[in-house]
Amino acid sequence: MSNLQNKVASPLYQQLYDAIMEKITVGEYQVGSQIPSEDQLSQIYKVSRITVRSAIQKLCDDNVLVKKHGKGTFVSLPVYVEIVSAEGSFTKSCIQMGKTPSTEILSRDLKYVDKRICEQLNIDENEKAIHIQRLRFIDGHASMLEEDYFIANFDFMLNKKVEQQPLLDVIRENTGNTAKFFDDVIEIKYATKEQAKHLDCVVGTPLLYVSQVVVGDSNQVLYYNEQYIRSDIYKFTVRSSNK
């Protein structure tokens, strides 16, 4: 492998920064993979560890790399920020960012739910509700685990292809109802074993938890959902206005 050049205007740490960036760009260092250690990079490029540390620190500052204590340095996962104009739609937000959204349906059924969910849907405890569990991806990266709940009358949700179409679009097409407002509660929760498995993180990882009631034009609840978000990948956006 070519050594870095001492007799050029660009300092050695910047040359190493550029060399590592090129390997990430061409896919030699994959997203989420570990790069060589400082000692290895020092030997590969024939530079001091001080130069290596400077390059690595700059890449970390630029969110290209991330250091994990006791493990090494890894290529960061890209961070995606939700687009406000997408009106809370994960699918629309991804498309507006020029990214590819995808969804895996983990479960879909009509069942009895706990009292808390019944209260959010304004139904009695002896009534069943439709539950859909979805895993959301951005460019192939699992970023959100979503639990969606609907009243039993929305039985069309049991067979509609909600993998590729926003829920509100499906509801509007089948009922004529549109969303009037969203009530969101935002907290931090820690990944359970099941959530960690789906979101490719360790148990106990802090997740952004958003519980959301979606209310329609006639003030009826269209659906209730709970989102468990890997905020190191996807940033949830809230807009406030002074009216």
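Contact here means heavy atoms within 4.5 Å, and the term comes up in several of the points below.

1. **What you are looking at.** This is a predicted model, in which local features need pLDDT of at least 70, side-chain atom pairs count only at pLDDT 80 or more, and totals for chains, interfaces and linings use all residues. Residues are numbered from 1 along each chain as its sequence is written, and side-chain values use heavy atoms, with hydrogens and water left out.

2. **The overall picture.** The protein has 7 helices and 10 strands; helices (H or I, at least four residues) and strands (E, at least two) are DSSP runs, numbered from the N terminus. Of its 243 residues, 41% count as buried. Buried means under 20% relative accessible area, exposed means over 50%, and partly exposed lies in between (1.4 Å probe, protein chains only). The accessible surface of the protein comes to about 13,600 Å², and carbon and sulfur atoms hold 47% of that. Such areas come from the Shrake-Rupley method with a 1.4 Å probe, and for residues only the protein chains shown count as cover. Among contacts in the protein with a separation of 6 or more, 55% join residues 24 or more positions apart.

3. **Helix H1 and its cover.** Helix H1 covers residues 12-25, and its 14 residues should span 20 Å at 1.5 Å a residue, which agrees with end C-alpha atoms 20 Å apart. The expected span is 1.5 Å times one less than the number of residues. Several H1 residues are buried, including Leu16, Tyr17, Ala19, Ile20 and Ile24. The cover over the buried residues of H1 includes helix H2 (38-45), helix H3 (49-61), strand S1 (65-68) and strand S2 (72-75). After H1 comes Gly27, with a positive phi near 90°.

4. **The sheet.** Six strands form an open sheet in the order S4-S5-S6-S9-S8-S7, with antiparallel pairing. Its edge strands are S4 (101-112) and S7 (179-190), each of which pairs on one side only. Neighbouring strands of this sheet are turned by 15° against each other on average, direction ignored. Two strands pair if DSSP finds at least two bridges between them; S8 (residues 206-216) and S9 (residues 221-229) pair in the antiparallel sense over 8 bridges. As a place to start looking, Val210 has Gln227 in S9 as its bridge partner.

5. **A helix across the sheet.** Helix H6 (residues 167-175) lies across S5 (128-138), S6 (141-151), S7, S8 and S9, and runs at about 165° to S9. For such angles, axes are lines fitted to C-alpha atoms, for helices over the stretch in contact, and angles run from 0 to 180 degrees between N-to-C directions.

6. Val215 sits in strand S8 and counts as buried because its relative accessibility is 7%. Leaving aside neighbours within four places in sequence, Val215 is in contact with residues including Ala179, Phe181 and Leu222. The C-alpha atoms of Val215 and Asn177 are 9.6 Å apart, although 38 residues separate them along the chain. Ser143 belongs to strand S6 and is buried at 0% relative accessibility. Not counting residues up to four places away in sequence, Ser143 touches Phe90, Leu199, Tyr228 and Tyr234, among others.

7. **Salt bridges.** A salt bridge is a side-chain nitrogen of Lys or Arg within 4 Å of a carboxyl oxygen of Asp or Glu, and the structure holds 9 of them. Lys23 and Glu28 form one of these (3.1 Å, N to O); Lys23 is buried at 12%, whereas Glu28 is exposed at 51%. Arg53 and Glu38 form another (3.2 Å, N to O). Because Arg53 lies in helix H3 and Glu38 in helix H2, this pair ties together parts that are 15 residues apart in sequence. Glu38, Asp39, Arg49 and Arg53 are linked in a network of salt bridges.

8. **A pair within H6.** The side chains of Asp169 and Arg172 also meet in a salt bridge (3.1 Å, N to O). These residues of helix H6 are separated by about one helical turn because they are 3 residues apart. Asp169 is buried at 13% relative accessibility, while Arg172 is partly exposed at 37%.
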